[in-house]
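Visitor: Could you walk me through this one? I'd like to hear about its pocket and its core.

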Amino acid sequence: MISVIPRYLFNFVFFVLLQVLILNKIEFSGYLNPYLYVLFMLTLPFETPGWLLLLLAAVLGLSVDMFLNTMGMHMAASILLAFIRPFVLARIAPRDNYETGTLPLPSYYGFPWFLKYAAILVFIHHFFYFFIESFSIINFMGILLKTIGSTVFTMVVMMVTLLFTYQKKRRI
Amino acid sequence: MRNFLRFIIQHHFTFLFIILELIAFILVVSYNQDQRNIYLSSSSKLAGGLFQSFSNVEQYFSLKEVNRELSNDNAFLRSQIPTTFKNSKDYFLLTGDSANPHQYKYRSCKVISNTVGKHFNYITLNKGALDGIKPDMGVLSGRGVVGIVINCSDNFCTVLSILNPRLKISAKLKESDFFGSVSWDTESTLYAILDEIPEHANVNIGDQVITSGFSATFPEGILIGTVEEVAHPEGDSFYKIKVKLSVDFSRLSYVEVVENIYQEQQKQIEEDTKQ
């Protein structure tokens, strides 16, 4: 368990920097904002205790917020994601449950499973984020449209990232 | 306490989530201008509405206090107007000059018992002889004449209300200065009868009926009511005028007792003259 800490520490810094330095510069027609940093939350081990999930989500969201000047918004969305993650994992668990020592990654449980898992959480995260961004339900359709577009975009970027980073490592 | 702690530990995940979300929310509204504006405006709408309805209720509870203060103010202000000073000089009078001796003193009192439905109606006030109230003092409300004090104990006094056929108040028409007397005919709590106005007087409906100031009880010019109906009974040389009382006796709460300092003197000289 201790051995994974340096890797996740690296992941943390990597995702935050990737988000604030590169991905946030991408913005297609105002609807597509990929927020890849949530991948850090998604890839945390199954055994991560709840309080650690929440605290990590808060710190992660806050670090992104500090760079993007959106104090508290990413934080709130990430915390919600962390809160819902255990429930979603329990819901979509495979028949023989999760094996110990595995991570929630496509290399362990296949792309369809990961796609389902990631899509649900990313959608919730994005929806909550855009909701806080507009802070009203007057423009509900606009929020929904933005959420769907950005979710798809984030998922695409996420899959590409996973193809390049995790797959090879897990093979060993 | 132990159960409470156990409950918190059991649900620490949810509690931590709520606490962190609250922190995030506070950060959002304190550092982001747009969200802050929306939050402030909506919360002020909510809080404003809440405070408004709360203060509406609260105001109701403080009405008693407000009434008392207003009534005190009324008594004070009445004692400042020119008619309360004894106007013994026939040249012009400097208004509010305290060098002129007061002729009328006003005391604010609360009505603690009041009847309107009976044949002989009396009002009880919360001040009595210890507060300087004596029989034969006049009683006014902000709207007009209420009655006359007839009886005093140490702390209370009873008032003969206009709605009592035993009371006759010397009154006059404001327009034409013809004087008569107002009394109650026991028919309606809203009306009284003005008698003894001679038939050559010119009476119009809507004319104001005021106190004449002859009786040494009331100052001159206090409103009693307005002329509602003028009747001229056959073979009588006086009008019988129906007066709509300006005071609503069914919701009387604060009144002022007026004391004429020269009442004794005036009565004395009138008595002496008759003998």
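Visitor: How much space lies in the largest pocket?
Guide: A pocket here is an open set of points on a 1 Å grid over the protein atoms alone, where a 1.4 Å probe fits, with protein on both sides within 12 Å along at least five of seven lines. Volume is the space filled by probe spheres set on the points, which are joined across faces, edges and corners. For the largest pocket that comes to about 350 Å³.

Guide: A quick note: this is a predicted model, where local features need pLDDT of at least 70, side-chain atom pairs count only at 80 or more, and totals for chains, interfaces and linings use all residues. Residues are numbered from 1 along each chain, chains are lettered from A and ligands numbered from 1 as written, and side-chain values use heavy atoms, without hydrogens and water.

Visitor: Which element gives the most to the lining of the largest pocket?
Guide: Lining residues have an atom within 4 Å of a point, and this pocket has 14 of them. Helices (H or I, at least four residues) and strands (E, at least two) are DSSP runs, numbered from the N terminus. Two elements of chain B give two or more residues, α3 (33-78) and β12 (254-260). With four residues, the top contributor is α3(B).
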